[in-house]
Amino acid sequence: MSSEAGTLTTERGAGRGGPRSGRGAGTGQVPRRRRTGRPEPGRVVGRVLVWSFVAFNVLIFLFLITSSVKSTPDIFDAPWGLPTSLHLENWSNAWNESGFARATVNTVALAVAGSVSTLVVSAPAAYVLSRVRHRSAGPLSLFFALGLGIPAQVTVIPLFEMMSNVGLVNSLFGLYVLYTATHVPFTVFLLTGFMRSLPGEIEEAAAIDGASALRSFAQVMLPLARSGLVTVLILNAISMWNETLLGIVFLQSVDKYTLSLAVLNFLSSMQFSGADYGGLFAGVCILVLPMLLLYVWLGRRIVEGITLGAGK
Amino acid sequence: MALAALSGTATRRRDHAGGMSAFERSRRRLYLPFVVPALLLHLVFVIGPTAAALWISFHRWDGVSPMEWTGLDNYTALLEDSTFRTALVNTLVILVVAGLAIFVISFVLTMIVRELRWKSFVRSVLFFPHIVSAIVLSIVWGFIFQHNGVVNTILDRLFGAEPIPWLNADNLFVMILIGTVWLSTGLYVTIIMAGVDRIPQYFYDDAQLAGASAFQRLRHVTLPLSWDVISVAAIFWTISSLKIFEFIYAFGGTTNDLPPPGVWNSALFVYGESFGGRSPSYLFGYASASAILMLGLFAFLVVGLRRLMRRDPIEF
Amino acid sequence: MRYRLRREGRVALAFTLMMVTAAAACGSEDSASGSSDELTYWSMWQEKEPQAQVLAEAIEAFEADTGITVNVEWQGRDNITKLLAALRGGDVPDLIDQQYFTISNAIVGNEQFTPLGDVYDMEIPEEDLTVAEAITDKYDMFTTTDDGEHFLVPYEVIGYTIWYDAAALPAVAASPPATWDDFAALLAEAKSAGRSGIALDGDIAGYAEYWTATALVRALGPGGYNELVSDEEAAGWDTPQVRDALSAIEELAGGGYFIPGYDSSKFPAIQTQWAQGDADFLYMGSWAPTETGEFAAPEFEYRSFNFPTLGTDDSLPASVIGFAIPEPADNADAASEFIAYFLNKDRLSLISTEAANLTPRADVEVPPQLADVNELLQSKSLSKITDGVLGDHSDFDTKIFQPLNLELMTGKISVDEFIERIASEQRDYWESQG
């Protein structure tokens with residue numbers, strides 16, 4: 001199938017843009033634009049903006065990392081200074097005593113299973129909603145979109161009643177079902193928009209080859225939409241990774257807690273017991289780093305997905 | 001001229017399929033089996049509980065005792081509740097002001113970043129705040145902007161300036177707006193860049209040959225060809241701005257207290273009237289009514305926005 | 001399209017109803033286990049907090065002594081949120097703990113508590129007295145409903161006092177201020193010496209409210225402030241006593257006695273600064289030493305005095321943390337047994353020695369930094385912190401009183417404006433409550 005897509009691309013490229021469009025497939029790089037010679041002042045301003053934005057975020061990141069190896073008084077005396085002595089025990093404390101180890105396992109399982117299941121359920125729906133000219137497709141898309149606007153604070157009590165009736169309270173499986181279901185509207189919504197703007201010709205070509213719609217979906221559409229799928233997968237994984245309200249209400253046993261609950265617990269014990277900011281930031285790093293790595297790793301895939309998958 | 005012709009060839013490909021081919025029919029047969037699972041989950045876990053919330057909104061209810069039917073009382077009380085009006089205004093300000101800022105900045109960043117050598121690194125870094133739980137970000141925001149925070153310290157060192165009360169009651173909401181823009185921009189850069197990156201390079205090359213300036217390229221190539229993604233992103237922002245919660249919530253401190261009602265948005269109002277606070281109010285009927293009102297308003301806005309942004313889908 | 005949507009809505013509704021009935025039909029079959037050889041406890045503490053360790057030790061001994069298994073979840077401060085959800089039909093714990101107003105808000109109004117009169121009558125194991133005798137009736141104001149029924153058994157007491165570093169302020173330690181005038185003189189003195197008088201994390205609206213609420217209680221007597229806000233006509237605000245109290249608070253802002261940045265920092269920045277000696281006084285519950293201890297200078301000596309008088313009242317604002325048993329609990333008996341067991345002097349003493357907090361038993365040794373608070377606790381009558389308004393009228397408190405109070409305390413509005421606005425907003429509020 002990939003060869004088919006490849007041929008199509010070349011044909012298209014040759015037919016329209018000439019040789020220039022055959023840009024180095026597989027390099028994973030967008031070629032640099034050629035400059036027209038005269039410098040554009042807007043571009044300079046823009047670059048300054050970009051790099052100061054980047055610098056700010058890097059600073060915040062460094063702040064989190066350095067704070068995680070500082071003592072709490074150190075953090076308050078010189079929040080932006082380097083640590084005077086290394087407090088690596090913040091990490092081991094958070095990991096061992098505050099149940100972050102267990103919480104990490106729970107959270108990884110939830111986020112992976114939840115984001116994948118959401119995709120499995122939503123991608124087909126998005127495909128037919130964007131491709132089939134059915135009278136209900138438009139209203140249904142809107143119907144999914146509206147689901148996005150419902151804050152969990154409103155639905156949490158009815159949800160709890162529903163889930164407790166089927167015995168899925170205080171259960172990671174129950175939370176997995178909830179995470180999957182509550183992320184469906186967003187996923188369908190985003191993917192519908194994404195698939196709608198994917199080229200139709202390739203699918204048509206597959207149809208001419210006699211492929212069924214199911215095959216065309218699996219072998220043409222999904223690879224084509226890969227960047228969108230990966231993007232939404234990451235966004236969902238992040239959102240599930242950080243979710244708190246449903247976790248607070250639905251999880252009662254501490255050994256089922258997720259990372260964000262563990263961090264929140266750390267925070268709220270500041271009242272009465274005093275702050276352990278060093279431990280807090282160590283916990284925050286444990287919470288953040290896996291997602292960061294995932295993004296750095298898969299973020300590159302998105303680019304590849306665009307250049308290879310779409311074949312443009 | 002060349003541009004117009006170009007985009008002309010790019011549109012309306014689908015019509016070539018014509019009529020109802022065998023393929024189209026087989027795709028139609030997929031419609032129900034493909035839609036139903038997602039629809040079921042949506043109905044059971046999102047729409048159902050929302051319908052229940054609508055029902056609850058006509059009652060006075062503490063979450064546990066039997067519900068007491070009060071008809072529209074919650075709604076009329078809301079309209080007179082100045083805290084709710086503030087929350088409503090704040091929500092709309094976040095939607096419009098922060099939204100405009102996010103989209104303008106994201107677009108500028110997208111155009112700049114995609115030409116950088118460090119593109120993928122830069123994009124990861126811009127996206128970074130979105131990964132970190134907003135509660136943590138708001139703690140960090142505190143370290144930066146509080147009275148003896150880093151900004152005031154720098155200002156003092158450089159200019160000997162008096163500390164500026166960034167986080168006092170008058171300025172807090174503006175700081176929340178700025179913080180929201182900061183932590184959302186990375187996400188929209190990613191989404192918009194995904195859309196812009198799909199635009200074939202030859203459009204730009206041709207535009208360049210035709211002597212189009214950067215602005216003209218933006219106006220005649222980038223914007224129309226990524227319009228789908230932009231309109232999706234705009235609707236997505238509209239809806240998710242309604243739900244912004246943690247970043248504002250964490251300005252109430254970490255002791256279970258809520259932030260001052262002057263900075264509440266609708267999500268905080270819902271929380272504040274139900275579970276929130278050192279001594280929660282547990283007014284579930286009232287909270288549900290406020291959420292239903294906001295949902296209605298935003299449904300209206302989303303439908304309007306879709307009308308406004310509707311273009312023929314452009315395939316290329 | 002609009003028609004379509006409406007139809008979709010109907011389908012959704014019908015479907016939901018179907019789901020709910022189906023779920024209801026197949027749910028609700030498990031029943032009470034009956035035998036009380038185990039109990040479930042949802043704790044407000046996290047496992048590594050000192051209170052949790054004290055409780056864990058007691059639980060272990062309890063299991064060995066009675067053969068009852070205690071399933072404990074160290075849930076942390078969100079335990080009541082979980083409880084409230086569970087009351088909708090999940091498995092409810094047999095034992096919970098929290099501050100009194102948090103519990104009363106969650107389970108008293110809706111009658112989801114087990115009356116604990118029997119627990120108060122129980123003998124404490126290995127001792128010759130009942131629970132009621134051990135903790136006296138001094139704390140009944142916190143632990144009983146309006147009908148006089150006990151819903152809570154306290155095991156930790158919080159007194160709210162004005163904290164200072166006796167090492168830095170020996171003169172204050174020698175003769176603590178008794179009246180507001182004495183206190184104001186101290187503040188003026190601090191100011192002229194170039195120090196800040198009062199530390200306050202103003203972003204915690206509840207902490208700012210402590211000041212005004214206690215001033216009002218001083219002027220009106222315990223219950224006076226609560227009565228003021230309960231009045232649908234909001235008639236009581238414009239009186240000389242109220243004005244006195246509010247003027248005293250206004251003067252704190254007007255006189256510039258607050259530490260710079262109190263209105264624009266993030267908790268716990270300011271109380272940390274206080275512990276490092278940047279301000280003289282901090283009005284806070286008796287957890288102040290444990291919360292700030294890590295930041296305090298080595299020679300810092302925690303002392304405190306009662307909120308100064310503005311009239312005749314000199315009660316000590318206080319609160320308690322205690323156990324409660326939700327009404328649907330299956331193992332209420334076992335839970336009761338554990339409560340009585342924990343109140344044993346030796347076991348409860350650990351709350352003082354290990355967790356550095358006060359207990360409701362007068363015969364338990366107190367931590368040295370809480371000696372002042374304890375003396376007040378034993379010698380003065382008590383009043384509820386914020387006069388109970390935070391618990392009784394939390395919605396009004398957060399939405400109306402606290403924001404206005406913050407404006408008063410940051411010098412944005414005068415006493416006149418405050419009175420005018422709170423009276424009108426209070427009338428509107430009660431009117432909208434129907």
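Trainee: Before I start clicking around, what should I know about the numbering and the model?
Mentor: Residues count from 1 along each chain as its sequence is written, and chains are lettered from A, with ligands numbered from 1, in the order in which they are written. The model is predicted, so local features need pLDDT of at least 70 and side-chain atom pairs count only at pLDDT 80 or more, while totals for chains, interfaces and linings use all residues.

Trainee: OK, what is the average pLDDT of chain A?
Mentor: Chain A averages 78, and 82% of its residues score at least 70. That score is the predictor's confidence in each residue, from 0 to 100.

Trainee: How many helices and strands does chain A have?
Mentor: Chain A has 15 helices and zero strands. Helices (H or I, at least four residues) and strands (E, at least two) are DSSP runs, numbered from the N terminus.

Trainee: And what share of chain A is buried?
Mentor: Of its 312 residues, 57% count as buried. Buried takes 20 or more other C-beta atoms within 10 Å of a residue's own, exposed means 12 or fewer, and partly exposed is in between, with C-beta atoms placed from the backbone.

Trainee: Switching to partners: how many residues of chain A are in contact with chain B?
Mentor: 94 residues of chain A are in contact with 85 of chain B. Helix α2 (residues 41–67) of chain A gives the largest share of chain A's side, 13 residues. That side divides into 55 nonpolar, 25 polar and 14 charged residues. Nonpolar covers Ala, Val, Leu, Ile, Met, Phe, Trp, Tyr, Cys and Pro; charged covers Asp, Glu, Lys and Arg; the others, Gly among them, are polar.

Trainee: What about the contact between chains C and A?
Mentor: It takes 33 residues from chain C and 31 from chain A. On the chain C side, α1(C) supplies the largest share, six residues. By class, that side has eleven nonpolar, eleven polar and eleven charged residues.

Trainee: Which residues of chain B does UniProt list as "transmembrane region"?
Mentor: The unreviewed entry lists several spans, including residues 172–196 and 225–251 of chain B. UniProt positions are in the numbering used here, feature names are shortened, and annotations may be inferred rather than shown by experiment. In the model, residues 172–196 of chain B are 100% helix and 0% strand, with end C-alpha atoms 35 Å apart. Residues 225–251 of chain B are 78% helix and 0% strand, and their end C-alpha atoms are 40 Å apart.

Trainee: Now chain C. Which strands does β1(C) pair with?
Mentor: Strand β1 (residues 38–43) of chain C pairs in the parallel sense with strand β2 (residues 69–74) of chain C over six bridges. β1(C) also runs parallel to strand β3 (residues 95–99) of chain C, joined by two bridges. Pairing needs at least two bridges found by DSSP. Tyr41(C) stands opposite Val72(C) in β2(C) and opposite Leu95(C) in β3(C).

Trainee: Is β1(C) mostly covered or mostly open?
Mentor: Mostly covered, as five of its six residues are buried.

Trainee: I clicked on Val70(C). Which strand does it lie in?
Mentor: Val70(C) lies in strand β2 of chain C, and Leu39(C) stands opposite Val70(C).

Trainee: Why does Val70(C) count as buried?
Mentor: Because 22 other C-beta atoms lie within 10 Å of Val70(C).

Trainee: Which residues is Val70(C) in contact with?
Mentor: Leaving aside neighbours within four places in sequence, the contacts of Val70(C) include Leu39(C), Tyr41(C), Ile59(C) and Phe338(C).

Key. Two residues are in contact if their C-beta atoms, placed from the backbone, lie within 7 Å.
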